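Keep the viewer open and try each task before reading on.

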Amino acid sequence: MVQNGKGENALVLSSSQTGIADDEDYLFQILPDASPSSMHAIKLLGINQIAQEAGNSSFVLNGKEHSSYSNSFMVNNQFNLTLNGISKDGSEATINFKTDADAVADNVSRLANAYNEVIKIGHSYSDAQRPNKLVSDMSSVAKDYRNELEAMGLELDADNYLHIDRNLLYDAATAEDAQDNFSILNQFKDTLNSKAAEASIDPMNYVNKIIVAYKNPGHNFATPYITSIYSGMMLDRYC
């Protein structure tokens, strides 16, 4: 859903796939059914209006033109490149290697940013949650690794956001025991992934709610909400 300056709303439908094969005319299509009301709704809502056709990325690499279904592609099966925008005519981009410390710092920054985004979502929906359970669950992982993270330059503030001291991070990345340091970081990442997977499996576990279940009289089915409220909502019509 998008909104313009006049407060008018519109629904934008887009494909996660970006490129298109030679034998394809479109990536997806929305069609009305045979009823006049459906056809009228399609036109009234503008669902049949295409703002941007699907297309492949086009680029010149070492003087030779190439195209790709995505803005990310492999070069010589070794390097993964991502196109971030359209270059000005005649301009060139030179690709160089980063130092190990710079590469590690960038990857750690992405991990910290992803964690902080989840914490931000938790804070923004705090009124609708069981007392901020999402923030509590995710930040508990960071607190378990607090000492190890601080030694690598990642500090947890009072609102459970992670902040990076790049100087300490560089020192940890270039130390003799750098491999041991970042094995801890991998454990932290894996634990975060597990917590995020749990939240996605049963998101209703994070909602401040009251559930009243009415069993079907005369049937000996167990209440569908015992295992998971989320799955119970999908199964209760059959019980």
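Two strands pair if DSSP finds at least two bridges between them; strands are DSSP runs of E with at least two residues, and helices are runs of H or I with at least four, all numbered from the N terminus. The model is predicted, so local features need pLDDT of at least 70 and side-chain atom pairs pLDDT 80 or more, while totals for chains, interfaces and linings use all residues. Residues are numbered from 1 along each chain as its sequence is written, and side-chain values use heavy atoms, without hydrogens and water.

**Exercise 1.** Find how many bridges join β3 to β4, and which residue stands opposite S57.

Solution. Begin with the strands: β3 covers residues 57-61 and β4 residues 64-68. They run antiparallel and are joined by five bridges. Finally, inspect the turn: two residues lie between the strands, and N62 has a positive phi near 55°.

**Exercise 2.** Decide whether N76 and N160 are buried or exposed.

Solution. Apply the cut-offs: buried is under 20% relative accessible area, exposed over 50%, and partly exposed in between (1.4 Å probe, protein chains only). N76, in the loop between β5 (72-75) and β6 (79-82), has a relative accessible area of 61%, so N76 is exposed. N160, in the loop between β7 (154-156) and β8 (162-164), has 12%, so N160 is buried. Now check the backbone: phi is positive in both non-glycine residues, near 55° for N76 and near 75° for N160.
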